[in-house]
Amino acid sequence: MEVQFTEQIQQLQLGAGATFHGEGILAITKALLQSGVAYIGGYQGAPVSHLLDVMVQARPYVDTLGVHVEACSNEASAAAMLGASIHYPLRGAVTWKSIVGTNVAADALSNLASPGVVGGALIVVGEDYGEGASVIQERTHAYAMKSTLALFDPRPDLANMVHLVEHAFALSEASNMPAVMELRIRACHVRGSFVAKDNRAPRFSKRDLIAEPAAFDYMRLAHPPVTFRHEKLKLEQRLPAAQAYIAAHGLNEQRPGRFGDVGVVVQGGIAHTLLRALQLMGLADGFGASELPLLVLNVVYPLVPSEVGGFCAGKRAVLVLEEGYPEYIEKDLLLTLRRQDVQTRVHGKDLLPGAGEYTVEALLPALIAFVERLLPQVDLSAARAWLGANAARRADAAQATGPLPPRPPTFCIGCPERPVFSALKLAQAEVGPVHVAADIGCHAFATFEPFSSGHSILGYGMSLASRAGVSPMLQRRAIAVMGDGGFWHNGLLTGVQAALFNGDDAVLLIMKNGYTSATGTQDILNTPDDEAKAEAERNAAPHQSLAHKNQTIEATLSGLGVKWLRVVHTYEVSTMQRTLQEALTSPFTGLKVIVAEGECQLERQRRLKPWRAAMQQRGERVERVQYGVDEDVCSGDHACIRLSGCPTLTLKDNPDPLKVDPVATVIDGCVGCGLCGANAHAATLCPSFYRAEIVRHPGWHERLLAGVRARVVGWLQP
Ligand code: SF4
Ligand code: SF4
């Protein structure tokens, strides 16, 4: 990836007493180093990508501590990496996006949790839940309960989060349970500060090697008969040890309040949202002091029965604030109180929305209902007025603007994947509509207008596998679309291997853009190496894609026995259309793979822009291509827009007073990818597109030529 994390890496090196300023996820990364972690791994995904991205670039520094950093091929390999802590006193941390990543890692997690760990094992998951989430709405909590993992949900204050990372390792060692820390999107991106400690070199590391492997110990395997013993150990020893640690170190926060006969139990991750809502009700100040007693659960699993019972006993009622469905904590708490014969009334999902993110606006009606019932003396008019004002503002805005058009996300300008879907649209016009098994990745933007392409998404790298039951039932061939990131994550084994083994009549389209683009353009096996990039820089005008410089995917497919393999540059729309039609109609009945080659434009522009700027500064010749529409020629049918979807290809008023339809126009931002020209040619559109080469610091012959041209044009158009 072309993004540099120089500043972040400096923050990681802060010593004792220095003040760290930055985002939550970077604070967690620093906390790992302060905790003496020996190895770090993971698979990137929002909102925790930053942890691994920074660590990978910080390798030269973390090497000095002896810490090993591994960019894992998927979440399962990251979870399996934690196996190091089963036998050895090594602290390890891995990271991924949940719930999807936890699903992929589930097998290894179960097999890790069963024997348990001696070195602290911590999984930092990005809990991608609520507004802004990009995956299915499920919770990591279920995994913690079923596999017996300690689950931290820290109040999103940087000092608190750092403190809890250190405790998570210690708790893991005290209880032999792996620990999980779930971080919501806001917790990852919240900015703040904390006083740093020195980073700790681990006792055993790459610089201080363990002399001998651990002795054979059947108890450390996840095999029957010892798995029966493991289950008992979880219940009889590990959970009580974790609960004792949580209570002894006060990991959950009990905050007293003026109204002592009621209380609120809240997940740490949404504690600040609660405090803001209480502030609006006049029940908290701006510094977090609440008039209602609070139990802030920084560790949401396991609950500590004595702590929960102690907080609730003697209260008339408590409200449990638990974001997401089902209400695991509320049920756990109800069971705990019932067993202790504590008769406090418990409210939760009976007052709160059952699902969705708990924003201040979502919490406030439930808090008002709770306080109204139990504390009728509290004046709630300010909170009601705030809610009413919000509703009025929304109504005013809706009336002022009318219904707004939806603005779904889309491919970047010049994305190499957009032309493939233009070609697929054209190919379907010839062969008829086909079933499209879609996948996770940038290409999933094709599910939006103007392509509306994709029938299902079953997981990352799962498209080819997901068409296995469909394609034998359809008269026309189905097509599976997958990115190169998905190919290496899962697609090679779950899709390609199975299709070859079963002799499936299948079509696979692989977007080979050279990076795992959707998660932040991380490098993969087929990323062009630095030498290839440097060569392009030396050539000074690197218009060509670099994707062809690395043919690992093609070699892998050929090695596995794929007989029908075509490599097509994505911007060659006509060739891509013909190749798709051939794949969909060919008499060859085995697996047919089209590798759509074109480097991720985001990465390409990140590389090109500084090169061009430097050349321009040196006074060297710099050429930039841009497309445009001749408004006198544009017929106004907008077929080009329906075929492209590029955000810089848009509409403007028709300058011809006799025509009512707006004309197409290319606005500033066009990166000159060439799709407009290729589409116009492939679909025989009106000839309104032109290609302009904008040259800075032209040579003398170019100036001369431009002068002659200007004269001739001037002569023709006096
Ligand atoms: S990040 Fe790259 S692959 Fe993804 S939409 Fe942008 S240009 Fe296309
Ligand atoms: S050439 Fe066309 S598709 Fe490509 S960036 Fe420019 S306007 Fe967009």
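This is a predicted model: local features need pLDDT of at least 70, side-chain atom pairs count only at pLDDT 80 or more; totals for chains, interfaces and linings use all residues.
## The shell around the ligand

## The open sheet and its helices

Five strands make up an open sheet, in which they follow the order 9-11-10-13-14 with mixed pairing. Strand 9 and strand 14 (345-347) are the edge strands, since each of them pairs on one side only, and from one strand to the next the twist averages 20°. Strand 13 and strand 14 run parallel and are joined by three bridges, and Leu319 has His347, in strand 14, as its bridge partner.

Helices lie across this sheet as well. Helix 13, which spans residues 305-312, lies across strand 9, strand 10, strand 11 and strand 13, and runs at about 160° to strand 11. Helix 14, which spans residues 328-339, lies across strand 10, strand 11, strand 13 and strand 14, and its direction makes an angle of about 175° with strand 14.

## A mostly covered helix

Helix 12, made of residues 271-280, is mostly covered, with seven of its ten residues buried. The buried residues are Ala271, Thr273, Leu274, Leu275, Ala277, Leu278 and Leu280. What covers these buried residues includes strand 9 (253-255), strand 10 (262-267), strand 11 (294-297) and strand 13 (317-321), together with helix 15 (360-374) and helix 16 (381-401). After helix 12 comes Gly282, which has a positive phi near 80°.

## The nonpolar cores

The largest nonpolar core has 93 residues, and the members that touch the most other members are Leu32, Leu33, Trp96, Leu122, Phe152 and Leu183. Helix 9, formed by residues 158-175, gives the most to this core, contributing eight residues.

What does Leu122 touch, not counting residues up to four places away in sequence? The residues in question are Leu32, Gly92, Ala93, Val94, Val165, Ala168, Phe169, Ala179, Val180 and Met181.

Gln522 is found in strand 20, which covers residues 522-523. Gln522 counts as buried because its relative accessibility is 6%, and the cut-off for this label is under 20%. When its neighbours within four places in sequence are left aside, Gln522 is in contact with Met1, Gln44, Ser49, Asp53, Tyr515 and Thr516.

Arg477 has its place in the loop between helix 18 (463-466) and strand 17 (479-483). Is Arg477 buried or exposed? Arg477 has a relative accessible area of 12%, and so it is buried. Although Arg477 and Val436 are 41 residues apart along the chain, their C-alpha atoms are separated by 9.5 Å. Leaving aside neighbours within four places in sequence, the contacts of Arg477 include Val434, His435, Asp505 and Val507, and they also include Ala583, Leu584, Thr585, Ser586, Pro587, Phe588, Thr589 and Lys592.

Conventions
Residues are numbered from 1 along each chain as its sequence is written. Chains are lettered from A and ligands numbered from 1 in the order in which they are written. Side-chain values use heavy atoms; hydrogens and water are left out. Buried means under 20% relative accessible area, exposed over 50%, partly exposed in between (1.4 Å probe, protein chains only). Helices (H or I, at least four residues) and strands (E, at least two) are DSSP runs, numbered from the N terminus. Contact means heavy atoms within 4.5 Å. A nonpolar core is a set of buried Ala, Val, Leu, Ile, Met, Phe, Trp, Tyr and Cys residues joined through side-chain atoms within 4.5 Å. Two strands pair if DSSP finds at least two bridges between them. Axes are lines fitted to C-alpha atoms, for helices over the stretch in contact, and angles run from 0 to 180 degrees between N-to-C directions.
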